[in-house]
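Take a look at the protein below.

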Amino acid sequence: MSDIVIVQYIGLPEEAKLIRNAVFQDEQKIPHEYEFDEYDPICHQWVVFVSGAPAGTARLIVKPDNETGKIGRVAVLQDYRRVGIGGKLIAQIEEFATNTLGLSKLELSAQATKRGWYEGRGYEAVGEPYIEDGLLHLQMMKKSLRNS
């Protein structure tokens with residue numbers, strides 16, 4: 001996994017669509033109408049490429065307070081999981097959020113099964129679990145990005 005390149009976009013690139021379809025619709029059976037929304041054409045998006053092949057994706061929406069970003073649609077294709085792709089992707093988004101956008105905190109809606117993974121990256125669960133798109137989720141937040 002040495003040839004990893006992370007590319008940032010404004011708007012939804014075709015590679016991100018393919019990854020999200022494979023992970024959320026094919027694997028997790030989330031209906032298509034829940035997966036793509038009005039933010040996709042206008043938010044920051046990232047695609048991770050491994051040896052030229054798309055492997056993971058995520059997006060960042062800047063909230064109206066201009067201090068908070070919402071990470072979403074984090075997905076890594078099955079063949080590329082557990083090798084650090086997701087961690088590199090989140091780290092790059094955090095760096096961009098802090099150094100380029102000047103955001104002070106990030107939030108996300110994590111699938112409950114991913115809680116420990118996000119906690120290992122400094123995110124804390126906020127509030128009670130809830131159902132989103134048929135799956136149990138937790139609201140999570142990371143404050144003080146400048147110290148991460």
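What follows is a walk through confidence, helices, loops and aromatic rings.

This is a predicted model, in which local features need pLDDT of at least 70, side-chain atom pairs count only at pLDDT 80 or more, and totals for chains, interfaces and linings use all residues. Residues are numbered from 1 along each chain as its sequence is written, and side-chain values use heavy atoms, with hydrogens and water left out.

Start with confidence. pLDDT is the predictor's confidence in each residue, on a scale from 0 to 100. The mean for this protein is 92. Of its residues, 96% reach 70 or more. Among the elements, β2 has the highest mean pLDDT, at 97. The lowest belongs to α2, at 81. Why does this matter to a reader? Where pLDDT is low, the predicted coordinates should not be read in detail.

A word on names. Helices (H or I, at least four residues) and strands (E, at least two) are DSSP runs, numbered from the N terminus.

Now find helix α1, residues 14-27. How far apart are its end C-alpha atoms? They are 19 Å apart. The expected span of a helix is 1.5 Å times one less than its number of residues. Yet α1 has a kink of about 30 degrees, centred on N21. Such a bend is the angle between axes fitted to the seven residues ending at a position and the seven starting there.

Which residues of α1 are buried? They are A16, I19, R20, V23, F24 and Q25. Buried means under 20% relative accessible area, exposed means over 50%, and partly exposed lies in between (1.4 Å probe, protein chains only). An α-helix has 3.6 residues a turn, so residues three or four places apart point the same way. The buried residues of α1 pack against α2 (32-35), β2, β3 (53-62), β4 (68-76) and β5 (105-111).

Zoom in on Q25, in helix α1. Its relative accessible area is 16%, so Q25 is buried. Contact means heavy atoms within 4.5 Å. Leaving aside neighbours within four places in sequence, Q25 touches R20, I30, P31, H32, E35 and F36.

Next, the loops. K29 follows α1 and lies in the loop between α1 and α2. Its phi is positive, near 60 degrees, and K29 is not a glycine. K29 is exposed, at 61% relative accessibility. R82 lies in the loop between β4 and α3. R82 is not a glycine either, and its phi is positive, about 65 degrees. With a relative accessible area of 81%, R82 is exposed.

Move on to α3. This helix has 16 residues and reaches 22 Å from its first C-alpha to its last, close to the 22 Å expected. Its buried residues include I85, L89, I93 and F96. Just after α3, G102 takes a positive phi of about 70 degrees.

Now look for aromatic pairs. Rings of Phe, Tyr and Trp (its six-membered ring) pair if their centres lie within 6.5 Å. Planes under 30 degrees apart count as stacked, over 60 as edge-to-face and the rest as tilted. How many aromatic pairs are there? The count comes to 3. Take W46 and F96. Their ring centres are 5.5 Å apart and their planes are at 75 degrees, so the pair is edge-to-face. W46 lies in strand β2 (residues 44-50) and F96 in helix α3 (residues 85-100), so the pair ties together parts that are 50 residues apart in sequence. Are these two residues buried or exposed? W46 is buried at 1% relative accessibility, and F96 is buried at 13%.

Y118 and Y123 also form an edge-to-face pair, 5.9 Å centre to centre with 80 degrees between the planes. Y118 is buried, at 7% relative accessible area. Y123 is buried too, at 2%. Ring pairs link W117, Y118 and Y123 into a cluster.

What sits over the ring of W117? The charged end of R121 does, 3.7 Å from the ring centre. The rule asks for NZ of Lys or CZ of Arg within 6 Å of the ring centre and within 35 degrees of the ring normal.

End at T113, in the loop between β5 and α4 (115-119). T113 is exposed, at 67% relative accessibility. T113 and L135 are 22 residues apart along the chain, and their C-alpha atoms are separated by 9.7 Å.
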